[in-house]
Amino acid sequence: MEIVWQTPANPPERQDYIFRNGRRHVRPYYFEFISHVKNRWAGKTIVDLFTEEFKGRPHEYYVSAVKCGRIQVDGQIVPVSYIVQTSQKISHFLHRHEPPVMAWGVPILQEEPDVVTICKPASVPVHPCGQYRKNTIVGILQAEHGLAPLFPVHRLDRLVSGLLIIARSAAKADLFRQQIEAGEVQKEYVARVIGVFPEKQQVVSANVNYNAREGRSTVEVDTNLIGKSACTKFTRMSTNGTHSIVLCEPITGRTHQIRVHLQHLGHPIANDELYLSEDVRTRSTQGMGADKAASVNSEHSPTSDFLLDNRSDDVEKNSNEEFSIDPMCTNCPDLVPKGYGGHEEGLWLHCARYSGPGWTYECPYPDWALLD
């Protein structure tokens, strides 16, 4: 079989996706990961470098990958004892398996010559990140709607659903971002939270400090600390005595700002495992936590997608009719990559409305925003 190696320049296509049991999977494909030798890597053998930095695969795999040319330095096959030097280009050719996302479509809400707005499904990242490349909003829109290039104007966490504004040109995206940075854009989200939220509007002005290693934020009420200033307005829309639907209006845009400010008020989002418990480590009982999955970096980063060893309990077997099995792949014959659980759900946080000078875009509320 002739292997066709893909790079980021290869656009996603409609036939790249497999739909199964309510999940959108990506047909595994051959991909070239490229990185350059960092200073702290220099002086190590090529095998030791990969074994120490990308721990999800065994030492024996890297020995075989170097010997057969799946790992190359500056485009050349090298011996397993080869010592790498700073700035050399390292290529790792592998059979790439992307994590699944929920199998919802990506509905287009409004399409203009220079702007398209969509209703982003929960679980789908906006941009390529970590193990996700084709299973992203940008990738799906290109594959299924022929939309490219695309320039998302604002960010939504992978587990958050709702309105996403996408510019069709860099100039239009810059205009939107200038308005956001100038404080000319009003943002509205809706959340379903634990308990009876106060009837009076709540305003939280508390610094948010994001810890990238843990993938979570904390609130700092002492303004002399290192967190970034953050402010959110909250207004109760309805309650059933157990949960409340809350309108959230972030004045600033910090990572996990709404989620951590609601936790600070004692009313965290009702299905937000990350902020319902102080102990982030308890989230690992069903494979890789959803938030962690979004933050894991790709193969060419030291915190690679290969740091996880455990297979999901929800592994799905596949036939050769659906995708080709690679004899060197440590994920085959499974469709999902190692370490991902199959019981993920979207966060009960939804972007509903953005408005600015002379424009407004809206997205319908999800079903969970209607209390029984």
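Let's start with an open sheet of three strands, ordered β3-β5-β4 and paired antiparallel. A strand here is a DSSP run of E at least two residues long, a helix is a run of H or I of at least four, and both are numbered from the N terminus. Two strands pair if DSSP finds at least two bridges between them. At the edges sit β3 (29-36) and β4 (71-73), each pairing on one side only. From one strand to the next, the twist averages 20°.

This is a predicted model, so local features need pLDDT of at least 70 and side-chain atom pairs count only at pLDDT 80 or more, while totals for chains, interfaces and linings use all residues. Residues are numbered from 1 along each chain as its sequence is written, and side-chain values use heavy atoms, with hydrogens and water left out.

Back to the sheet: three bridges link β4 with β5 (residues 89-96) in the antiparallel sense. One spot to look at is Ile71, whose bridge partner in β5 is His92. Helix α1 (residues 46-53) packs on this sheet, touching β4 and β5, and its direction makes about 55° with that of β5. Contact means heavy atoms within 4.5 Å; axes are lines fitted to C-alpha atoms, for helices over the stretch in contact, with angles from 0 to 180 degrees between N-to-C directions.

Now for another open sheet of three strands, in the order β1-β2-β6, again with antiparallel pairing. Its edge strands are β1 (17-20) and β6 (101-102). Two bridges join β2 (residues 23-26) to β6, and Arg24 stands opposite Val101 in β6. Helix α3 (residues 137-145) lies across β1 and β2, running at about 100° to β1.
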